[in-house]
Amino acid sequence: QVQLVESGGGLVQAGGSLRLSCAVSGLTFSYYNMGWFLQAPGKEREFVADVSWSGGRTNFADSVKGRFTISRDNAKGTVYLQMNSLKPEDTAVYYCAAQFRTSKEYRYWGQGTQVTVST
């Protein structure tokens, strides 16, 4: 059974930092690209960042470039999202997702972790 479990969310003041983790089990982690997405209240889910299966390539949404970094530890089966200089508009539920490296779609999703940034 494939499981993606996010952790690390919480309440933080604007300008602060959080580090999200996503622990993956039930699949060969190094075969999968990993992504982070967010969904704010009343809005559609949107892309935040992704990292290739090897960790050699990353992409970021324009809204988080220069503030967020993504990394992975294939030995631990975990992907991370380091979020710095947080803004109230970053408030959302953050989801990690797994995409088989030759696929175009994210097949597996976590349950999400809430991030709330206060003013």
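This dialogue walks through the predicted model shown above.

Reader: What should I know about the model before reading it?

Author: The model is predicted: local features need pLDDT of at least 70, side-chain atom pairs count only at pLDDT 80 or more, and totals for chains, interfaces and linings use all residues. Residues are numbered from 1 along each chain as its sequence is written, and side-chain values use heavy atoms, with hydrogens and water left out.

Reader: How many helices and strands does the protein have?

Author: Helices (H or I, at least four residues) and strands (E, at least two) are DSSP runs, numbered from the N terminus. Here there are zero helices and 11 strands. The order from the N terminus is β-β-β-β-β-β-β-β-β-β-β. The radius of gyration is 13 Å, close to the 14 Å of the globule rule for 119 residues, so the protein is as compact as a globular protein of that length. That radius is taken over C-alpha atoms, and the rule is 2.2 Å times the number of residues to the power 0.38. The C-alpha atoms fill a box of roughly 40 × 25 × 25 Å along the principal axes.

Reader: What share of the 119 residues counts as buried?

Author: Buried means under 20% relative accessible area, exposed over 50%, and partly exposed in between (1.4 Å probe, protein chains only). In this protein 44% of the 119 residues count as buried. Contacts (heavy atoms within 4.5 Å) give another view. Among those between residues at least 6 apart in sequence, 54% join residues at least 24 apart.

Reader: Which side chains of strand β7 point to which face?

Author: In a regular strand the side chains alternate between the two faces of the sheet. Strand β7 covers residues 68–73. F68, I70 and R72 point to one face and are buried.

Reader: How many bridges join β7 to β8?

Author: Two strands pair if DSSP finds at least two bridges between them. Six bridges join β7 to β8 (residues 78–83), and the two run antiparallel. I70 has L81 as its bridge partner in β8. The hairpin of β7 and β8 has four residues between the strands, and G77 there takes a positive phi near 65°.

Reader: How many bridges join β3 to β8?

Author: Six bridges join β3 to β8, again antiparallel. R19 has Q82 as its bridge partner in β8. Strand β8 is mostly covered, with five of its six residues buried.

Reader: Which cysteines does a disulfide join?

Author: A disulfide is a covalent bond between the sulfur atoms of two cysteines. The criterion is a pair of cysteine sulfur atoms within 2.5 Å. By this rule there is one disulfide. C22 is joined to C96, S to S 1.9 Å. The pair links distant parts of the chain: C22 is in β3 (residues 18–25) and C96 in β9 (residues 92–100), 74 residues apart. The link of C22 and C96 is right-handed, with 50° about the S-S bond. Both C22 and C96 are buried.

Reader: How many aromatic pairs are there?

Author: Rings of Phe, Tyr and Trp (its six-membered ring) pair if their centres lie within 6.5 Å; planes under 30 degrees apart count as stacked, over 60 as edge-to-face and the rest as tilted. The count here is seven aromatic pairs. Take F37 and W109: the ring centres are 4.9 Å apart and the planes at 55°, so the pair is tilted. This pair links distant parts of the chain, with F37 in β4 (residues 32–39) and W109 in β10 (residues 108–109), 72 residues apart. F37 is buried at a relative accessible area of 10%, whereas W109 is partly exposed at 27%. Ring pairs also link Y31, Y32, F100 and Y108 into a cluster.

Reader: Which arginine lies over the face of W109?

Author: A charge sits over a ring if NZ of Lys or CZ of Arg is within 6 Å of the ring centre and within 35 degrees of the ring normal. R45 lies over the face of W109, at 3.7 Å from the ring centre. R19 lies over the face of Y80, at 3.9 Å from the ring centre.

Reader: Where is G16 found?

Author: G16 is in the loop between β2 (10–13) and β3. At 17% relative accessibility, G16 counts as buried. Leaving out residues up to four places away in sequence, G16 touches M83, N84, S85 and L86. The C-alpha atoms of G16 and S85 are separated by 5.5 Å, though the two are 69 residues apart along the chain.
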